[in-house]
Amino acid sequence: MSDQEKEPLFSAKNIKLLTAPLDKNNPITIQVLGICSALAVTVKLKPALVMALSVTIVVAVSNVVIAALRSYIPDRIRIIVQLVVIATLVILVDQILKAYAFDVSKQLSVFVGLIITNCILMGRLEAFAMANKPWPSFLDGLGNGAGYGLILVIVAFIRELLGSGTILGYPVMEKIGIYSIGYENNGMMILPPMALIVVGLIIWVQRSRDKSLIEK
Amino acid sequence: MKHFSNRYIFIFSAIMVVIVAALLSLAATLLQPAQERNLEIEKKKSMLESIRIPATRENTVELYSKYIKESFVLNSKGEVVEGTDPFTVVLRGEQKKPLEQQALPVFRAVNDEGEPLIILPVEGKGLWGPINGYVSLRKDMNTIYGVTFDHKGETPGLGAEINTTPFESMFHDKKLYDDQEFVSIKVLKGGADPNDIHGVDAISGGTITSKGLEKMLFDCIVKYDDYLLKNRN
């Protein structure tokens with residue numbers, strides 16, 4: 001116990017908790033969790049950013065709460081306890097968005113509630129927070145939230161640029177004058193199947209760059 | 001793994017529930033004023049959009065007092081009923097009452113060209129939940145000037161398309177009446193003839209939402225029948 005306490009806050013091991021989910025252990029492209037919301041909120045960049053931020057906060061904080069309570073949580077009701085913690089945090093996020101970011105909360109509508117069922121949350125609580133101390137759990141939560149957010153932002157960037165010709169609502173395509181030479185927005189990019197295809201392309205690029213990720 | 005007694009589990013769950021309940025009710029109480037203000041702005045913004053005035057959250061209140069001149073509540077015979085604030089009428093609640101007791105809000109506005117308009121709220125059912133909106137009519141009480149729709153949880157990209165400009169703009173200049181007879185607007189699957197003064201295109205993949213919207217328009221506006229016929233000019 002005392003050995004572990006002397007471990008610096010940002011030891012190599014802890015840094016790895018934070019960075020691995022961005023690449024080699026990405027929740028979407030490697031663990032294939034949270035795909036549902038990744039398809040739904042990536043039509044525009046803004047809801048994707050807010051969703052990424054909300055999920056990151058919820059997963060990091062719930063990881064800390066569960067990690068802090070882990071030796072007091074009776075094993076037999078641990079899933080219920082995890083769900084209560086997640087649901088409480090999600091409702092808080094939802095209420096705060098409704099009060100201070102109404103437009104965003106309208107756009108996200110049902111998806112905020114669906115954070116509760118986002119597999120990343122339960123996955124991290126069960127796999128990591130139940131067996132680790134609060135600080136590493138916090139980093140693990142941040143890392144996984146950021147890894148999820150990274151893919152969301154990449155997908156949303158591509159879909160908004162090609163589908164609507166804007167970035168964060170700014171009409172990029174119009175400004176560079178591409179419409180006058182016959183370019184048109186690709187309506188397909190707005191539909192959910194294209195999100196799946198874009199995620200597929202990201203998985204392909206990632207695995208061709210890092211052969212160790214390819215399953216035998 | 002440590003073993004926990006049943007007693008411990010019960011106490012643990014009880015404490016957890018009490019803490020969570022306290023936390024959530026505290027948050028709900030603290031955030032309520034800000035949330036209610038947002039809903040009010042949202043309502044005013046939708047009304048402005050139905051008379052084709054684009055508003056942002058910042059200038060909504062100002063524009064609302066500039067364009068919306070008057071508001072009152074009617075009964076089903078088209079007579080003005082005193083003592084009810086039309087802005088706070090909850091249509092869903094009214095629709096559960098018998099027709100004679102329903103309060104029907106009307107908002108009067110004047111656009112930039114000086115033309116008097118009336119705004120009627122509508123509310124109905126989509127596929128997954130309630131849909132609502134505002135319909136504004138020109139002074140002939142027959143021609144639609146503009147509409148705005150919104151929904152709680154229709155499918156993004158399908159039913160949720162009802163609150164997009166391409167869908168809403170199809171309603172411009174459509175007619176509610178065939179002479180004296182109320183026919184409302186038909187939302188037609190497979191596309192409406194552009195010359196059809198009572199028809200607009202339905203949404204591909206959003207049939208139930210489209211049908212719900214058609215029913216909403218008919219059911220809500222037909223109640224104003226007497227008032228609309230009386231005030232034609």
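**Entry 1: getting my bearings.** I am working with a predicted model. I began with chain A and looked up its secondary structure, which comes to 11 helices and 0 strands. Read from the N terminus, its elements run α-α-α-α-α-α-α-α-α-α-α. I took the box along the principal axes too, and the C-alpha atoms of chain A fill roughly 70 × 45 × 30 Å. Of the 216 residues in chain A, 39% count as buried. I then looked at contacts in chain A between residues at least 6 apart in sequence, and 77% of them join residues at least 24 apart.

**Entry 2: a pair of helices in chain A.** How do α2(A) and α9(A) pack, and at what angle? I found that α2 (residues 12-19) and α9 (residues 134-163) of chain A pack at an angle of about 30°, with their axes 6 Å apart. Angles under 35 degrees count as roughly parallel, so α2(A) is roughly parallel to α9(A). On the α2(A) side I noted A:N14, A:L17, A:L18 and A:T19, and these meet A:P136, A:L139, A:D140, A:L142 and A:G143 in α9(A). Sorted by class, this contact has 5 nonpolar, 3 polar and 1 charged residues.

**Entry 3: the cores.** My next stop was the largest nonpolar core, which has 48 residues. Those with the most contacts inside this core are A:M51, A:V55, A:V58, A:L152 and A:V155. Several elements of chain A give two or more residues to the core, among them α3 (35-40), α5 (78-100), α9 and α11 (192-209). Which helix gives the most to this core? That is α4(A), with 13 residues. I clicked on A:V155 and, leaving out residues up to four places away in sequence, saw that A:V155 touches A:A38, A:T42, A:A195, A:V198 and A:V199. There is also a second, separate core of 45 residues, which includes B:I51, B:V106, B:V122 and B:V200.

**Entry 4: one alanine in chain B.** I picked B:A109, which sits in strand β3 of chain B. Is B:A109 buried or exposed? B:A109 has 23 C-beta neighbours inside 10 Å, so B:A109 counts as buried. B:A109 and B:I51 are 58 residues apart along the chain, yet their C-alpha atoms are separated by 8.1 Å. Not counting residues up to four places away in sequence, B:A109 touches B:I51, B:Y67, B:I68, B:K69, B:L117 and B:I119.

Entry 5: A reminder to myself: an α-helix has 3.6 residues a turn, so residues three or four places apart point the same way.

**Entry 6: where the chains meet.** Last, I checked the contact between the chains: 20 residues of chain B are in contact with 21 residues of chain A. The chain B side divides into 14 nonpolar, 5 polar and 1 charged.

Technical notes: Residues are numbered from 1 along each chain as its sequence is written. Chains are lettered from A and ligands numbered from 1 in the order in which they are written. This is a predicted model: local features need pLDDT of at least 70, side-chain atom pairs count only at pLDDT 80 or more; totals for chains, interfaces and linings use all residues. Two residues are in contact if their C-beta atoms, placed from the backbone, lie within 7 Å. Ala, Val, Leu, Ile, Met, Phe, Trp, Tyr, Cys and Pro count as nonpolar, Asp, Glu, Lys and Arg as charged, and the others, Gly among them, as polar. Axes are lines fitted to C-alpha atoms, for helices over the stretch in contact, and angles run from 0 to 180 degrees between N-to-C directions. Helices (H or I, at least four residues) and strands (E, at least two) are DSSP runs, numbered from the N terminus. Angles under 35 degrees count as roughly parallel, over 145 as roughly antiparallel, 65 to 115 as roughly perpendicular and the rest as oblique. A nonpolar core is a set of buried Ala, Val, Leu, Ile, Met, Phe, Trp, Tyr and Cys residues joined through C-beta atoms within 7 Å. A residue is buried if 20 or more other C-beta atoms lie within 10 Å of its own, exposed if 12 or fewer, and partly exposed in between; C-beta atoms are placed from the backbone.
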